[in-house]
Amino acid sequence: MIQIPAEFFAQIQENGEEHYPEEGAGLLLGKVHGEIRIVEQVLPLENRFQPGARHNRYMIEPQDMLLAEEKADELGLEIIGVFHSHPDHPARPSEYDRQRALPWYSYIITKVTDRLAIESRSWRLTDERIFNEEQLQIK
Amino acid sequence: MTTLKIPTPLRPYTDGMKEIEIESTNVNAVIREIITRYPALKPHLLDESENLRSYVSVFLNDEDVRTLQGMDTPVKQEDHLMIVPSIAGGLSSESAIAKVDHAALRTNQAMIIGLLLIAFVADLPTLALIVGVIMAIGTVLAKPGFILSYRLLRQWKVIKPEVLPDNPEPHSFAQGFGSIVLFGAAIAFGLNGPIVAWILTWVVIVLAGVNLFLGFCVGCAVYYWLNRIGLPLFRQESPAGRFPGIRPPKV
């Protein structure tokens, strides 16, 4: 299960709305307590995918990941997941998402239609590289 | 000992270890050693061809090794290596692929072949150079060089558009490569080496012919292979389930 304070949840949904019709993305920083993950900071990042394809692609470059790792270390947190939006598409991982996903991270996907966040769901990749839905609790 | 830092998502495969010390001489040997110690890491670090996955980077003291000597970058005892994932995703593969009008590409190939054959038969090096220039202009504009011929043929209803899901960038790359070969031919003509010049011209004729008649774009295949080894300007991947460079099936 992933727990997320309402203000950070709103920030994730607003990020998707702001970037519409392109995909918005960022990282979730937080702590892991056994099976419960708690988001304590969200880090919106620039979509580094080439212009013209950002309506259906997002990319967070390794340099941004390095900076995020440093920030997480400073705050005593870990990168626990990734969020991104699917403009006009369901809040579930695509095959493209699955092929590039890393295990362990929580992937929060937000469906945005007409610049309005409709729904956010969280997913995790198994060792068999299959996505399972993870309970997302807004606190 | 060189220190290798493991990112959080891969720590479950290294018994929770955050940092691992490895005695090695270069980056490649470090990666091989870590995989030997923790075999479950392999599918997350290497692809089917045993190359580092395109979305996995290795940093040596805060510098991406791709900007150094790649996997052959030497490492010293006091160095810090980090495995850093880049995160990518998005909507489904099919909706992500752009559209390419393959009738326009085939017209382009036919024009290139026809004009270069005329240049060869009539011994007109200038014509070969003109074809190279038109291809170069097309590459810069991200269009087939002979797009105007195609538009005329369409207007006259000689040819119908055939718009297929495909990536345009590899075709641009292929055309650009062809124009460079023709510029090489022009230089060879200038240096009084007509045999080399005509061989280069024939390379372009043959590659365009393979594309036109066999449906295999050699330049596109090269582009996709460069993508696989992670060169930064080659971002498009070969569409799933298709051999790189093969013309997409009709829909």
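Predicted model: local features only at pLDDT ≥ 70, side-chain atom pairs only at ≥ 80, totals over all residues.
**View 1. The interface of chain A and chain B as a whole.** Chain A brings 36 residues to the contact, and chain B brings 30 residues. The size of an interface is often given as the accessible area lost when the parts come together. Here the area buried between the two chains is about 3,100 Å², and carbon and sulfur atoms account for 57% of that area. On the side of chain A, the residues that lose the most area to chain B are A:Leu66, A:Arg100 and A:Leu102. Together these three make up 20% of what that side buries.

View 2. Two salt bridges cross the interface. A:Asp73 and B:Lys5 join their side chains in a salt bridge, with an N to O distance of 3.6 Å.

**View 3. The side of chain A that touches chain B.** Four elements of chain A each give two or more residues to this side: β4 (57-60), α2 (62-75), β5 (78-87) and α3 (95-100). Sorted by class, this side has 16 nonpolar, nine polar and eleven charged residues.

**View 4. Strand pairing between β4 of chain A and β6 of chain B.** Strand β6 of chain B covers residues 87-90. β4(A) and β6(B) run in the antiparallel sense and pair over four bridges. In one of the bridges, A:Arg57 has B:Gly90 of β6(B) as its partner.

Technical notes
Residues numbered from 1 in each chain as written. Chains lettered and ligands numbered in written order. Heavy atoms only, no water. Contact = heavy atoms within 4.5 Å. Buried area = accessible area lost by both parts, 1.4 Å probe. Salt bridge = Lys/Arg side-chain N within 4 Å of Asp/Glu carboxyl O. Nonpolar A, V, L, I, M, F, W, Y, C, P; charged D, E, K, R; others polar. Pairing = 2+ DSSP bridges.
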